[in-house]
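Here is a short report for a first look at this structure. Keep the model in view while reading.

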Amino acid sequence: MSDDTSVRLFCLPYEGASAGVYLPWAEALGSSVVVTPVELPGRGRHPRRRPCGRLEPLLAEILPYVARMRDRPFALYGHGFGALLAYEIAARLEWQYDAVAERLYVSGAGVPYRPAPEHAVSQLPDAELLRRLGRRGRIPPGALDPSRAPRVLPALRADLAVLESYRRDPRHVVHCPVTAMGGSEDRSVGGADLAAWRRCTRRSLRVDTVPGGHYFPLTARWELLDTFSRDLMRPRVRASRAGGGLPRVPAGSRPYEPAVGPGTGNKSCPVSPVSPSWPAEVTV
């Protein structure tokens, strides 16, 4: 039996952002939790590609990458728009690959739903778009920087378009524990929004409040990394670090069961047979 007890943590970016925002997490977590950012078209290492404003083509690109990288137990984390992607990926991995995540982290987001047309903002002029987002404390970093806005705004519009056209399939109920995280000063996501994730899992839901506003992953990094360490570090890793004061693995955590090939699948959710070249795993 392998002595490798690591867990791979797939990280999905918030609206308008590159998955590179998660690169600093790798060094902090070390090799026990293998941080694996999932980059989206039109940003980061794929700046020349057009951002994708439709959910199904976007998932058809990134799902094969995530599925291919399932070489060990895995968890998913997504913030804002990334929470929707992490949730959809977790559900489709179950249907199509019989692969259940160790845990799904949905951060800075309630259960995604299709807003009323009057609340749609993706097609507004730049100034009005930013004004509307600013009222909710949701202007992504870089959107107001003249040197970065030409890259951030197209990606932001595409991500918002996906959110605005999204319809949740009620069959998307995952079989892994879910942790819903919210910022203590986030005006756009409240406790009721986070608690609503309960209907999306057949396992337990935990709601965590983290200091900060909507973009608390940038300001409360250590609180999040402590949570990942507590939840995901395997027993043998903890034993080897007994002097470091790491918390124990929660009682009743599910042992890893490797994927056994395609499951029944959801044939209405196409998967591209060829995936693009995505960033290699990030570990130290």
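## Second largest pocket

The second largest pocket has about 340 Å³ of volume. A pocket here is an open set of points on a 1 Å grid over the protein atoms alone, where a 1.4 Å probe fits, with protein on both sides within 12 Å along at least five of seven lines. Its volume is the space filled by probe spheres set on the points.

Lining residues have an atom within 4 Å of a point. There are 18 of them, and Gly16, Ser18, Arg43, Arg151 and Val152 lie nearest the centre. Helix α5 gives the most, with four residues.

## Basis of the model

This model is predicted: local features need pLDDT of at least 70, side-chain atom pairs count only at pLDDT 80 or more, and totals for chains, interfaces and linings use all residues. Residues are numbered from 1 along each chain, and side-chain values use heavy atoms, without hydrogens and water.

Helices (H or I, at least four residues) and strands (E, at least two) are DSSP runs, numbered from the N terminus.

## Helix α4

Helix α4 spans residues 126-135, and its buried residues (under 20% relative accessible area, 1.4 Å probe, protein chains only) are Leu129, Leu130 and Leu133. They share one side of α4 because they cover an arc of only 90 degrees around the axis. The arc is taken over directions from the helix axis to the C-beta atoms. Ala127 and Arg135, on the other side, are exposed, meaning over 50%.

Just after α4, Gly137 has a positive phi of about 70 degrees.
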